[in-house]
Amino acid sequence: MKAFFWNKEEKRIRAPFRIFILILIAAVFANILSLVFDNLNELLEKSLLNFLIMAAILFSIYIVGTYVDKRRWVDFGITLLPIKSFFFGACLGAFLVTLIFVVMYLLGWLEISDLKYNKLSTYPFVLAFTGQIFRYLCGSVFEEAFSRGYLLINIAEGLKGKLSSSKAVFISYIITSSIFGILHIGNDNSSLLSTINLILLGLLFGWLVVKTGKLNFAIGLHAFWNIFQNNVFGSANSGKESIVTILTFENSGNELWTGGSFGVEGGLLTTVAISLTLFIMMRSEIFDNNKFNQKILKIK
């Protein structure tokens, strides 16, 4: 029975139970923080919620990583360097969303209806906008640290007993990207296409993680994909309407292509944009198209 929970060779708890422990500790810590910061005003609540979740996730990864996984933070890709990878991801995320909206505008599907929309009207636009940028940055950090950091590595290690390390990493990459998409099924106005697009986004976020072992690129791309669609162009973000945005559009395009009320993540334009970008990244020499490297990810 002990062998079911304990890996004698690695001298630690097996991967599925490590993941469970992390989720449990993160949930407890997040609830404690939410109670401590209860009754915040609307601006702080909308701006700080993701920060509290980020703190819970990073704290849990540090505790479980150190004392259960026997790893350092950096082994999960959590590092500030190289900062240029973050900015490269941020620029790519901003470019892709801008490209999608430019195409829709040129096709006559969009018409500007408002500037500087602010649902938190009792607060200055700049303050509310900054709060939303902070929200998305924190959200991208904790989502990537958990899914493309902790989860990807542990699922790969759980599979490695029956597969080669490269295959284990590849399958974990597919699984974690699929989980990312499936977790959004419950969002308002979700569809099969929106789920497929979010799985593709997960693959895009994760590609340079498995190539470099670092989360910087994924965090930058994830954050600025969300910021530009939700706070620059006013599109719903995975079904969640914008609170603060620079531009607001009337959308008259076919929902199959534009995503409708779910936002651009639910449309075929996004399917095309992400698929082409992922294909180019996987084939380009710039991104070093070698096999998935278990040494970079430090798979044990």
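Predicted model: local features only at pLDDT ≥ 70, side-chain atom pairs only at ≥ 80, totals over all residues.
Residues are numbered from 1 along each chain as its sequence is written, and side-chain values use heavy atoms, with hydrogens and water left out.

**View 1. Arginine 12 and glutamate 157 form a salt bridge.** The N to O distance is 2.7 Å, a salt bridge being a side-chain nitrogen of Lys or Arg within 4 Å of a carboxyl oxygen of Asp or Glu. Arginine 12 belongs to strand S2 (residues 12-13) and glutamate 157 to helix H5 (residues 125-159), so the contact ties together parts that are 145 residues apart in sequence; helices (H or I, at least four residues) and strands (E, at least two) are DSSP runs, numbered from the N terminus. Arginine 12 is buried at 1% relative accessible area, and glutamate 157 is buried at 8%, where buried means under 20%, exposed over 50% and partly exposed in between (1.4 Å probe, protein chains only).

**View 2. Arginine 18 pairs with aspartate 69.** The closest N and O atoms of this salt bridge are 3.1 Å apart. Because arginine 18 lies in helix H2 (residues 15-36) and aspartate 69 in helix H3 (residues 42-69), the pair ties together parts that are 51 residues apart in sequence. Arginine 18 is buried at 1% relative accessibility, as is aspartate 69 at 0%.

**View 3. Arginine 72 meets aspartate 75 in a salt bridge.** Their side chains have an N to O distance of 3.2 Å; arginine 72 is exposed, with a relative accessible area of 53%, while aspartate 75 is buried at 12%.

**View 4. Salt bridges link Arg12, Arg18, Asp69, Arg71 and Glu157 in a network.** The count for the model comes to 6 salt bridges.
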